[in-house]
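Please look at the sequence and the three-dimensional model together as you read. The paragraphs below move from a group of aromatic side chains to the strands, and then to the chain as a whole.

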Amino acid sequence: MSRVEAVYTAASTNRYFQAADISPSGIVAFGSGNLVALWNAEDPLDRGVYETLPGHEAPVSCVRFKTDDTLVSADAKGVIRLWNKLNEQWQSRAVHQGHQGSVASLVAYGELVITGASDSTVKVWRIPANAKDSLSEVQTISMRKGFPISLAVAELPGTKSLLLAVGSTDRNIHLWTSSEGTAQFVQAAVLAGHEDWVKSLAFRPPESEGGALILASGSQDANIRLWNIEPFTKTTFAPSGGSTSEVTDELLDAFEASLVNLEESEDGGRQISLKRHILTVKTQQSSQLYSVTFDALLVGHEAGVTSLSWRPQATPTATPTLLSTSTDSSLILWSPSTVLTSSNDGTTLWINRQRFGDVGGQRLGGFVGGLWARGGSDAMAWGWNGGWRRWRCRTPEPETSQGPALEEWSEVGAITGHRAPVHSVAWSPGGEYLISASLDQTTRIHGAIPTTASDGSSVPVWHEIARPQVHGYDLINAVFLDPLRFVSIADEKVARVFEAPREFVEIVNNLNIATLDTSEENRPRAAAVPPLGLSNKALTDASAVAEVNGDVDDARTRRRPFEGELAAVTLWPEIEKVFGHGYESIALEVSNYKQYIATACKATSAEHAVVRVYETQTWQPVGTPLAGHNLTVTRIVFSPDDSLILTVSRDRTWRLFERSEDGFVPVAADKSHGRIIWDCAWAPDGDVFATASRDKTVKVWRRVDGEDKKWTAVATIQVKSAATAVAFAPRPADSKSRTLAVGLESGEILLFASPRETPSQWTCTSTIDTRLAHVDQIHRLAWRPTGNHDVQQLASCGEDGTLKLLTVHIADTE
């Protein structure tokens, strides 16, 4: 049997404000498409996502940790899932169809889970004690006007009563309270003031006994409001003389009664003024009053606030700090000013301590959400494109009597991934790094950076190291011509050729990813896309490079690029365009000796269902286009010696073309599959090839003995769902077996083995399930060209938007 382990997962974070959360031990869980991905933000080696949890059937919109071992997630179809960690393995414990609409917000507190959804309801659930039970519904709160898009819950100071804050699209914050011992919430107050949707809410518990509970609210109106919630006591209105006579008590009782209706029969409250609200909560002894006061308005963001998070307190006296993210591409840390605070009116002046991100907010969509890691020493946020940025606080000087110490922050690397289906993945000729192409209109290069472990050994850790093409069309395929040149096709009629700039060569060499030739002095420094253009133009002039990329920073090539740099300064210049097709490109392949490329386009007639072959030195066509198919050619593959081209198509046929003096000529064809053929692959020896089809079969073909032009199916492998990708593992010449990987529409990968001499006998040696593989159609499988005899690496990509690299320990079969 073959053993498989995950090495690298590239996954982006969904565009939902509550799609990520961090556990007390530093594990970040986030929604990535229909998956919940887990990333250890405190990993000293910084290995990124280490596990993905399948289960949801819609994009995951909310993720919240209850404890280190319990996780609650919800999706765009209203389904809520409860996960438990048992024996280091996460299991889906309960699944419940909670809402009719998409779940927009979720909060877990004690045994309660509270969800708000686009069906205009907030529901309170109790987590079952028994693992087999489902979530039990405790209460449904109907929001008569607007949708609940943010939730926060906290204990009222000095009691066990809960306060629930609901931020709504009606621009108000609705406060609900529950009395001690009950989970039933009643409406207590409505806080007005924001001028747009209230997108985020965050409670900060009182610093000390008798302190105020602080509620921070962030809105689409770009402002943050702070509200103080504290016990409403008679001393608030006590005369300065401090008299406690019965007359004074009676007067105070009358005054309180005029302020708020203290009906014993009902909890709740009512607004007194724009400044102060009174809440009434029943405790075991009596009714307790709380006042809610508007305390501060934080103005600094230029666009809507998307998330708020209070910094974990290292010490009780530490300065409170609030992290806010916004669609203006900035992340701000706020804390109260120790100098300018006016003590006589009781209000606090909050100032902007740190501001990270991009000035001017030129990045589309800005930040979607943010959170704290490493006990408050890391501030992290994920952006509209799904990649994370992270800033780390160097250990500051201790606080002094003059106020809080000045902190030094610097950006460090985080995780990235495609935010749309990934259609292709390909290795560089020597297997040094990977290139992936996605419908998110980017190509990305991923490489293994040798990283020193705690025991002194060197561990290769995979990261995205360049984003050579950020295009205006969805990218379909990209293949390397050599380590520093690649060709890509997109949803357009042109194939484009790119060459690496000097900065990429320096990064790869400096980080020891590979050793590339640096002798070419005329290599451009970088590239940029002109306004309204689609082609990456080379930048050679130092001033032009500085204008686009900032000053040339030698330190930047000695570390991996951050998400902000990947999106802007790691482009490759375009050196050639290859024309020829009348419709959008769909298939691309480069020959094994890099002498030819072959392309095909979308087609509904034989006239356009042709393969065009080009010579890679001059980019001129080789012979006439290869005709024969009637519908779109889905895949083109060159035989190991480049003498044959194999094509498969939507018309359910495969065709072979042989090299001749006048280009390539047809030699064989077959139509034995019953549905579209998605993929094909040659065995390393070139004596057999495989075709994978939607008819749930993979056929292995071999040349008929004594006949050059006739091939026959020697094996038909039945699989349980449509076969969408296929690839033979590279094996040494003395190996006794062959290994074939088959990717399915369901997201699983199957490994089959066959004796080398009898390719008609195939046995399944391993099934890589949706936990290690994918949860949707697999588009491409690619084995690493290097690798020793029994340990190979397999890269895969799919419709679920993830790219995965797996290490496969292959058992040689006789």
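Ring pairs link Tyr433, Phe480, Phe486, Phe498, Phe504 and Trp572 into a cluster, where rings of Phe, Tyr and Trp (for Trp, its six-membered ring) pair if their centres lie within 6.5 Å, and where planes under 30 degrees apart count as stacked, over 60 as edge-to-face and the rest as tilted. The model is a predicted one, in which local features need pLDDT of at least 70 and side-chain atom pairs count only at pLDDT 80 or more, while totals for chains, interfaces and linings use all residues. Residues are numbered from 1 along each chain as its sequence is written, and side-chain values use heavy atoms, with hydrogens and water left out.

Gln469 lies in strand β35, residues 458-470; strands (E, at least two residues) and helices (H or I, at least four) are DSSP runs, numbered from the N terminus. Gln469 is buried, with a relative accessible area of 1%, where buried means under 20% relative accessible area, exposed over 50% and partly exposed in between, computed with a 1.4 Å probe on protein chains only. Between Gln469 and Arg444, which are 25 residues apart in sequence, the C-alpha to C-alpha separation is 7.4 Å.

Aromatic pairs occur elsewhere too, and the count comes to 27. One of them joins Trp372 and Trp409 in a tilted arrangement, with 6.4 Å from centre to centre and 55° between the planes. Because Trp372 lies in strand β28 (residues 367-373) and Trp409 in strand β31 (residues 408-412), this pair ties together parts that are 37 residues apart in sequence. Trp372 is buried at a relative accessible area of 5%, and Trp409 also counts as buried, at 14% relative accessibility. Tyr596 and Phe664 form an edge-to-face pair, 5.7 Å centre to centre with 85° between the planes. This second pair links distant parts of the chain, with Tyr596 in strand β43 (residues 596-601) and Phe664 in strand β48 (residues 663-670), 68 residues apart. Tyr596 is buried at 8% relative accessibility, and Phe664 is buried at 5%.

Rings also receive charged groups, a charge sitting over a ring if NZ of Lys or CZ of Arg is within 6 Å of the ring centre and within 35 degrees of the ring normal. The charged end of Arg225 sits over the ring of Phe294 at 4.6 Å from its centre, and Arg559 lies over the face of Phe562, 4.0 Å from the ring centre.

Turning to the strands, β7 (residues 70-75) runs antiparallel to β8 and is joined to it by five bridges, two strands being paired if DSSP finds at least two bridges between them. Within this pairing, Ser73 has Arg81 of β8 as its bridge partner. The two strands form a hairpin with three residues between them, and Gly78 in the turn has a positive phi of about 90°. On to the next strand, β8 pairs with β9 (residues 89-97) in the antiparallel sense over eight bridges, and here Arg81 has Val95 as its bridge partner in β9. The hairpin of β8 and β9 has two residues between the strands, and Asn87 takes a positive phi near 50°. Six of the eight residues of β8 (residues 79-86) are buried, so this strand is largely enclosed by the rest of the structure.

β53 pairs with β54 (residues 737-744) over five bridges in the antiparallel sense, and Phe728 has Leu740 of β54 as its bridge partner.

For the protein as a whole, the secondary structure comes to four helices and 59 strands. Of its 814 residues, 56% count as buried. Among contacts between residues at least 6 apart in sequence, 51% join residues at least 24 apart.

Conventions
Contact = heavy atoms within 4.5 Å.
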